[in-house]
Amino acid sequence: MTLKKAFIISWSALILTIPWWFTDISGEWFGLPGWACYAMVSAIIYSIILFFVIQKSWHPDNNES
Amino acid sequence: MKVDSALLGPGGIAFLCFYILTLILIGWLGKKARKENSLSDFYLAGRGMGVLVLFLTLYATQYSGNTLVGFAGRAYREGYHALVLVTFLSAAVGAFIVYAPKLYRLSKKHEFITPADYVHHRFGDNKLTLFAAALCLMALANYILTNLKAIGYIVVAVTGGVIPFAYGVIALSLVMVIYETMGGMRSVAWTDALQGVILMIGVITIFITIQLEYGGFEFIYNQIQLTDPQKFIPPNLTQKLTWFSTVCLGFFGISIYPHAVQRIYSAKNERTLKKSIQIMAFMPLITTLFMVVVGLTALALFPGLDRQTSEGATLLVLQDLGRRGAIGAGMMMLFLSATIAAIMSTVDSALLSMSSIITKDFYTRLKPGKSQAELTRLGKMLSWGIMAFSVYLAIVLPQTIWRLLEIKLELLIQVAPAIFLGLYFKKIKSTSVLWGMAIGTLFAVGTMVANKLGLDIPAKPWGIHAGVWGLLINIGTIFILEKIRSKPIE
């Protein structure tokens with residue numbers, strides 16, 4: 001994965017963690033207001049995405065001591 | 001933080017003292033492990049940190065006392081809106097993806113010690129280097145001062161006021177400066193490793209206990225629905241923009257804290273650094289998120305607290321758990337140790353970073369030709385001087401001045417373009433970056449100060465932090481000046 005792609009993926013994911021599309025009080029989702037559940041789950045997904053983006057985009061120098 | 005009686009008995013206080021004194025022993029071991037009398041060895045542990053120590057020192061440094069005490073208080077006041085704090089800290093890890101690999105390779109090749117070393121290497125401009133270093137210093141000074149203040153309050157709470165605020169600040173600062181000047185980054189990183197483990201165990205344990213004792217999210221939801229259903233309202237557009245602005249502060253600000261950048265320089269090799277940062281991606285979930293839940297639990301249990309009392313939300317929950325018999329004195333001791341560990345690990349790292357910036361970025365540029373041993377000695381003396389001055393300020397500074405000192409990340413993010421753009425846009429010149437940094441800083445500081453002084457200027461115009469507006473102006477200035485510069489003269 002190129003750095004440009006990594007940057008785009010991680011920033012898109014970061015922006016999507018914001019509960020943009022919630023305007024009214026939604027129902028209860030797993031013990032949380034709907035939008036808060038969205039914010040929490042998206043934060044978890046963002047962490048997982050970061051882990052994989054680092055894995056795929058960062059290629060350490062093999063000749064390094 | 002308001003506590004009526006001592007949080008720990010004599011046995012608990014004795015254990016806490018033993019733990020704090022252990023840090024000096026670790027500092028001494030760090031000194032024994034020293035390989036040479038050089039700046040690189042003192043400030044970057046000889047660039048030899050392995051995965052475990054590097055990860056733990058990154059973790060312990062990034063999560064301060066504010067995470068354990070302040071974040072829960074904020075969750076109490078803001079409710080579910082405080083979930084932004086999780087992505088705020090994750091965003092910093094996202095920024096590492098962009099700059100850490102390239103900066104690490106350059107630091108290894110050109111032996112950087114401070115973030116401004118890179119700025120100087122890239123732009124070769126003394127004015128820009130010193131400006132960037134000065135902004136880093138201001139952010140670090142703020143970090144040290146606010147955390148020293150927090151440590152004083154914790155000591156008062158732990159001992160029920162038997163040890164006064166000033167004595168607590170002086171005693172713990174003394175411990176930090178002793179182990180820091182003994183072994184530099186090696187001592188700091190090793191103590192951070194111990195503190196990081198305590199911090200992690202403390203936070204996880206309190207989270208699990210809360211889930212078992214009260215019933216977790218379901219309990220919180222039902223209680224808040226009865227007492228404060230307003231907290232269920234999703235953020236409006238301005239609040240969503242503030243949410244976005246907050247993650248920008250995390251991405252461009254938290255990620256370039258000088259002590260974080262120096263830990264990147266300290267990695268043994270790139271693979272070590274990569275693994276440490278990968279693990280760091282999950283830390284906001286088991287630290288920040290857990291502390292937000294603690295704050296929400298406090299809201300469910302004790303509705304209607306004022307701002308000052310809500311700052312002690314974590315301690316209120318702990319005391320309630322103690323009353324219910326869910327936790328004993330050991331758990332209370334563990335959490336207080338974790339809080340003190342979080343504060344100390346942040347202050348010692350910031351102190352070391354400040355001393356390195358003054359020595360390397362200011363002194364060596366004004367008085368070149370000094371030996372590594374002389375510079376290291378100077379750095380140690382500076383640490384004592386900075387700590388003494390910080391302790392004095394933490395004790396005597398009036399509250400009105402403290403409000404101005406809250407400007408921290410707003411300043412630091414003005415350095416971000418020099419690093420991010422500097423790494424990837426080869427044609428950008430120092431003049432543009434310097435002007436961008438100056439105008440961005442002026443805007444951010446002007447707006448914040450005017451607001452703090454009570455003028456009719458919002459600190460967050462349209463929900464966006466003044467510092468983030470400053471950053472946009474900063475970047476805009478750079479591109480406009482570059483465009484003008486690249487136009488052929490007719």
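Two residues are in contact when their C-beta atoms, placed from the backbone, lie within 7 Å. With that in place, I turn to chain B: among its contacts between residues at least 6 apart in sequence, 86% join residues at least 24 apart.

Before going further, a word on the source. This is a predicted model, in which local features need pLDDT of at least 70, side-chain atom pairs count only at pLDDT 80 or more, and totals for chains, interfaces and linings use all residues. Residues are numbered from 1 along each chain as its sequence is written, while chains are lettered from A and ligands numbered from 1 in the order in which they are written.

Let me stay with chain B. There are 23 helices and zero strands in chain B; helices (H or I, at least four residues) and strands (E, at least two) are DSSP runs, numbered from the N terminus. The C-alpha trace of chain B spans about 80 × 55 × 45 Å along its principal axes. The radius of gyration is taken over C-alpha atoms, and the globule rule is 2.2 Å times the number of residues to the power 0.38. For 490 residues, a compact globule would have a radius of gyration near 23 Å, and the 22 Å of chain B agrees with that. Of the 490 residues in chain B, 55% are buried. A residue is buried if 20 or more other C-beta atoms lie within 10 Å of its own, exposed if 12 or fewer, and partly exposed in between, with C-beta atoms placed from the backbone.

Chain A presents another picture. Chain A has two helices and two strands, which run α-β-β-α from the N terminus on. Its radius of gyration is 16 Å, well over the 11 Å that the globule rule gives for 65 residues, so chain A is more spread out than a compact globule. The C-alpha atoms of chain A fill a box of roughly 55 × 20 × 10 Å along the principal axes. Buried residues account for 37% of the 65 residues of chain A. Among the contacts in chain A with a separation of 6 or more, 53% are between residues 24 or more positions apart.

How do the two chains meet? Their contact takes 33 residues from chain B and 35 residues from chain A. On the side of chain B that touches chain A, the elements giving two or more residues are α5 (84-110), α9 (216-227), α10 (237-252), α12 (270-280) and α13 (283-286). Helix α5(B) supplies the largest share of that side, nine residues. The residues on that side of chain B divide into 22 nonpolar, six polar and five charged. Here Ala, Val, Leu, Ile, Met, Phe, Trp, Tyr, Cys and Pro count as nonpolar, Asp, Glu, Lys and Arg as charged, and the others, Gly among them, as polar.

One of the residues in α6(B), which spans residues 115-123, is R122(B). R122(B) counts as buried because 21 C-beta neighbours lie inside 10 Å. Its C-alpha atom is separated by 9.0 Å from that of K426(B), 304 residues apart along the chain. Just after α6(B), G124(B) takes a positive phi of about 60°.

Which residues does H259(B) contact, leaving aside its neighbours within four places in sequence? They are T61(B), S349(B), A350(B) and S353(B). H259(B) is found in helix α11 of chain B, and is buried, with 25 other C-beta atoms within 10 Å.

Finally, a helix pair. Helices α8 (residues 165-214) and α17 (residues 329-366) of chain B pack at an angle of about 140°, with their axes 6 Å apart. Axes are lines fitted to C-alpha atoms, for helices over the stretch in contact, and angles run from 0 to 180 degrees between N-to-C directions. The two helices, α8(B) and α17(B), are therefore oblique to each other: angles under 35 degrees count as roughly parallel, over 145 as roughly antiparallel, 65 to 115 as roughly perpendicular and the rest as oblique. By class, the contact of α8(B) with α17(B) has 19 nonpolar, nine polar and three charged residues.
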